[in-house]
Amino acid sequence: MKDDELVTMTEKQKRARRSRSIAIGLALAVLVVLFYFATIAKFGPAILDRPL
Amino acid sequence: MALVENNRLDDAGFRISEATAADYVALLKPRVMSLVVFTAFVGLVAAPVTLNPLLAVIAILAIAIGAGASGALNMWYDADIDAVMTRTANRPVPSGRVRPGEALAFGLVLSVLSVLTLGVLVNWLSASLLAFTIFFYVVVYTMWLKRSTPQNIVIGGAAGAFPPMIGWAAATGSVGLESVILFLITFLWTPPHFWALALFKCEDYARAGIPMMPNVVGAASTRRQIFAYTLLVAPVGVLPWFFGFTSAGYGLVAAALGAGFIWYAWNVLAMRDGDRAMKPAKAMFAYSLLYLFGIFAAYLADSVLARALALPGA
């Protein structure tokens with residue numbers, strides 16, 4: 001396999017990918033925090049009150 | 001040979017994306033979204049039931065994302081006409097930064113996510129209204145009405161008018177007369193707002209082949225219709241006070257804002273046929289934004305004040 005057959009990203013493409021990656025990471029982190037606290041807010045302490 | 005070793009790019013359609021996060025944010029139409037967030041917030045706060053603050057934030061966020069998703073789906077479908085209009089040519093899809101399929105996937109995923117989030121965490125009535133709003137904006141307005149009738153934004157305006165009703169439904173689990181009036185205000189406000197824009201962007205719309213009112217029936221008839229709708233929306237803006245939902249303070253502000261709206265519409269009506277600068281239409285467009293913001297801000301302030309004064313000891 002010759003090197004020139006591989007995909008070589010330009011600087012602009014690398015910057016764009018990094019920007020998208022950071023945004024996806026932040027969005028996922030926000031969703032995790034939101035759903036965690038929303039679960040507590042929605043169910044309250046009763047969420048722990050279940051048969052084991 | 002394993003698939004993973006196949007890293008040759010024989011597909012001529014393949015291209016590495018140069019879209020940044022900002023391009024995806026632009027797909028959500030943030031300026032439209034800000035108006036949706038504000039009106040939904042007013043509907044939610046003005047409702048007689050107080051939602052848990054975190055769930056209220058999630059409800060507003062879900063409504064905002066749902067509105068943004070419908071914006072992305074609109075940009076996916078309308079990329080062809082956006083490309084020929086100066087106002088929209090630099091949007092992410094027509095400019096080539098985001099591919100149509102990417103915009104479609106983005107819009108669909110966010111639509112489903114926002115509706116499910118609202119349904120599971122808040123209530124299913126508000127989620128159903130949000131789903132209907134997305135459907136109405138994308139399918140009824142964008143795919144059907146926009147390219148086929150000059151009444152496009154009159155009927156399609158319903159999509160932009162639902163958010164306060166969704167906010168109200170998120171808090172109460174029902175649809176009250178108050179939220180129907182808030183819906184009506186935005187619904188009747190939409191034609192004068194968009195037709196004022198269409199008057200001075202007439203050539204843009206004509207190039208794109210969109211049958212906006214000025215292109216179909218002419219500027220003179222559009223100016224008369226702008227005036228007629230303004231005469232309707234001004235008194236409807238005062239209805240919340242008339243029905244006793246707000247104080248006279250709101251009624252006065254709404255009446256003053258409505259009188260201003262009619263004054264601007266009168267100036268548009270009196271505009272000469274050959275007026276190229278169209279200053280009255282531009283002023284009307286700017287004032288229409290101020291009007292809607294003012295009405296909802298006054299409604300919000302009135303609700304918050306009424307609640308604060310009703311507190312024991314106040």
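The area buried between chain A and chain B is about 1,700 Å², with carbon and sulfur atoms giving 69% of this value; buried area is the accessible area (1.4 Å probe) that two parts lose on being put together, summed over both. On the side of chain A, the residues that lose the most area to chain B are A:Arg20, A:Leu34 and A:Lys42, which together account for 27% of what that side buries. The model is predicted, and local features need pLDDT of at least 70, side-chain atom pairs count only at pLDDT 80 or more, and totals for chains, interfaces and linings use all residues. Residues are numbered from 1 along each chain as its sequence is written, chains are lettered from A in the order in which they are written, and side-chain values use heavy atoms, with hydrogens and water left out.

Contact (heavy atoms within 4.5 Å) joins 19 residues of chain A to 21 residues of chain B. One salt bridge is counted between chain A and chain B, a salt bridge being a side-chain nitrogen of Lys or Arg within 4 Å of a carboxyl oxygen of Asp or Glu. A salt bridge is formed by A:Lys12 and B:Glu18, whose closest N and O atoms are 3.5 Å apart. The side of chain A that touches chain B consists, by class, of twelve nonpolar, three polar and four charged residues. In this classification Ala, Val, Leu, Ile, Met, Phe, Trp, Tyr, Cys and Pro count as nonpolar, Asp, Glu, Lys and Arg as charged, and the others, Gly among them, as polar.

Within chain B, the domain assignment gives domain 1 (19-175) and domain 2 (177-306); such bounds come from an automatic or database domain assignment. The C-alpha centres of domain 1 and domain 2 of chain B are 21 Å apart. Between these domains of chain B, 32 residues of domain 1 are in contact with 33 residues of domain 2. The area buried between domain 1 and domain 2 of chain B is about 2,800 Å², and carbon and sulfur atoms give 78% of it. In domain 1 of chain B, B:Phe38, B:Pro150 and B:Ile153 lose the most area to domain 2 of chain B, together 19% of what that side buries. The count of salt bridges between domain 1 and domain 2 of chain B is zero. By class, the side of domain 1 of chain B that touches domain 2 of chain B has 20 nonpolar, nine polar and three charged residues.
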